[in-house]
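Dear colleague,

I am handing over the structure we spoke of, and below it you will find my notes on what turned up in it. Please read them with the coordinates open beside you.

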Amino acid sequence: MLKLSGINAGYGKNQVLFELDLSVDKGEVLCVMGRNGAGKTTAMKTIMGLIQPNSGQVEFEKRKISKLAPHTIPKLGIGYIPQGRRLFSELTVAENIEIGLMTRKKGKATRDKVLDMFPRLGERLKQRADTLSGGEQQQLATARALCLEPSVLLLDEPTEGLQPSMTALIRETVLTLKGEGVGIILVEQREDAVRAVADRVAFIENGRNAATHTIEELTEDPSPFRKHVGI
Amino acid sequence: MLALIEGLVQAAVLSLTALGLSLVFGVMRVVNVAHGEFFMLGAVIAWWVATLVGTNPALGFIAALIAAPIIAGLIAVITDWLVLKRINYDPEATIVATIGLLYILQQSVLMTFGPDARPVEAPFNTRLAIPWIENTDAGWALYWPWGLSTTSYKLFVIVAAIALLSLIWYIMSRTKLGLILRATQLDSETALAFGIPVERVYALVFGIGAALAAVAAVLIVPIQQAHYLMGADPLLLSFIVVIIGGLGSLRGTVIAALIIGMSDGIISVFFTPTLAKIMATLLVAMVLVYRPQGLFGTRRV
Ligand SMILES: Nc1ncnc2c1ncn2[C@@H]1O[C@H](COP(=O)(O)OP(=O)(O)O)[C@@H](O)[C@H]1O
Ligand SMILES: [Mg+2]
């Protein structure tokens, strides 16, 4: 349902992505792995329209979206949890959630559903986002994106710097959404976290596709993990 | 007491003007060097509207109060769309662009309005004496000393500014539009990723910033006069206020405007205007050294 093909993109003269292909289907979890600086975040920003590709296509539900105005892309139903969370730090928990609800004009029912998934946030609605703990901030970033009721969700290194208990909560959330038919692109550096949720894994090296494997292939032969990600 | 009211009038007008500058810098990271020219435009439009409307100064004033911010705001929105957007809001390029805008606006007004200062009549101007208490032989008594009179219009300026500031505060902190503005200010890229049309927000903010300067000028022009070079002082004072108050802090802007406006009013009455300017400059230097984020700013620079 979401497909990148032949993407060349970067920042000004500094090209980062070269002929990159990625795709994810309804109810599928695609994990994207690669060393620091490989271009994973750049690929997510290209999907969101935050970076205009020099060439190549981003298609969502058979529609070319890379030429759309960036602010219209999330309204199609693409939820984004950026690397480092990027909460609106001086806004309260409730206001951060409100921004997510505004994106696709969702109402109280969505809000209640999302707060049910993360009860800790419900207890801290009036608190500023930057006063939350790391785990709570990640929950808020997730909640904000789920307020769109997205059909595709992008998660950029959500477990970075978090304790194992939070990692487990994110894993559960990903699996629940997958069960509801959401297509998920998960950028993740940790092999165990990938193994727990992935259907397919795309390895990126220096902005290029290095290899893509199903999780079954990787269970049989885990060498690509070491080859493309290990040091 | 007279100095106090003079100071409050200065502070009222200054806080509106500075708030416009602060909003534009806070949300867009654009240093609008032409901000004072939008103030000047407001005054000139007020004169123009008052002349058009003719005999009834109150009617002309109300028309100016509506027309000036709308026209100045529209000019700002068009500038944003034609120029600032095209240069991607690059901080250095926008400074150059707004310096250009400053000269364009100034010269256009010089060519059409002319080099003379022109007065605008106040809508109403009753002299008011303010009662004072004095300890007489018969105990504390109210009296109306000759020196403590002011005009009703000056009080109106103060009240109008407070009403406008409250309105802005309400919009920023209690409405959806305010939430969108604050989110864009904090992280424009993430705002975009959540469907906020950042370019439209920028155009709107640039327009509101100009409109605030224009409305401040309409309020003050019956007391001062409209002149094509009148934008320099409000620009300088607004910069001082924004530096002292901290960026994007409404409370800081108002308090700093009070400090600068009051001290300007009071020191100018009792000493000289030059001393007032020196004091303000010293205050800026001290804030920059000891609290670079401004007295009320929260963000690190
Ligand atoms: N805003 C930016 N401007 C210029 N170059 C950038 C910017 N962000 C990232 N880069 C460069 O793009 C490359 C890929 O970065 P990124 O996509 O963040 O990698 P990853 O997410 O895989 O760690 C890196 O070489 C990085 O230095
Ligand atoms: Mg990254």
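A residue is called buried under 20% relative accessible area, exposed over 50%, and partly exposed in between. Please keep in mind throughout that this is a predicted model.

By that cut-off B:Ile259, with a relative accessibility of 34%, counts as partly exposed. B:Ile259 belongs to helix α10 of chain B, which covers residues 250-270, and although 252 residues separate B:Ile259 from B:Gly7 in sequence, the C-alpha atoms of the two lie 9.0 Å apart.

In chain A, helix α1 (residues 40-47) has 7 of its 8 residues buried, and is therefore largely enclosed by the rest of the structure; among the buried ones are A:Lys40, A:Thr42, A:Met44 and A:Ile47. After α1(A) comes A:Gly49, which has a positive phi, near 80°.

The magnesium ion (ligand 2) is coordinated by OG1 of A:Thr41 and OE1 of A:Gln83, at 2.0 to 2.1 Å. Because A:Thr41 sits in helix α1 of chain A while A:Gln83 sits in the loop between β6 (78-81) and α2 (93-103) of chain A, the pair ties together parts that are 42 residues apart in sequence. A:Gln83 itself counts as partly exposed, at 28% relative accessibility.

Lastly, there is a negative surface patch, formed by A:Glu216, A:Glu217, A:Glu220 and A:Asp221. Of these residues, A:Glu220 is placed in helix α8 (residues 215-220) of chain A, and A:Glu220 is exposed, its relative accessible area being 75%.

With best regards

Note on methods: Residues numbered from 1 in each chain as written. Chains lettered and ligands numbered in written order. Predicted model: local features only at pLDDT ≥ 70, side-chain atom pairs only at ≥ 80, totals over all residues. Heavy atoms only, no water. Patch = residues over 30% accessible without salt bridge, like charges linked within 9 Å, V, L, I, M, F, W, Y side chains within 5 Å. Areas by Shrake-Rupley, 256 points an atom, 1.4 Å probe, with all protein chains shown as cover. Salt bridge = Lys/Arg side-chain N within 4 Å of Asp/Glu carboxyl O. Lys, Arg positive; Asp, Glu negative; His and termini not counted. Charge placed at Lys NZ, Arg CZ, Asp CG, Glu CD. Helix = DSSP H or I, 4+ residues; strand = E, 2+ residues; numbered from the N terminus. Buried < 20%, exposed > 50% of the residue type's maximum accessible area, 1.4 Å probe, protein only. Donors = N, O, S within 2.8 Å, 3.2 Å for Na, K, Ca; no water.
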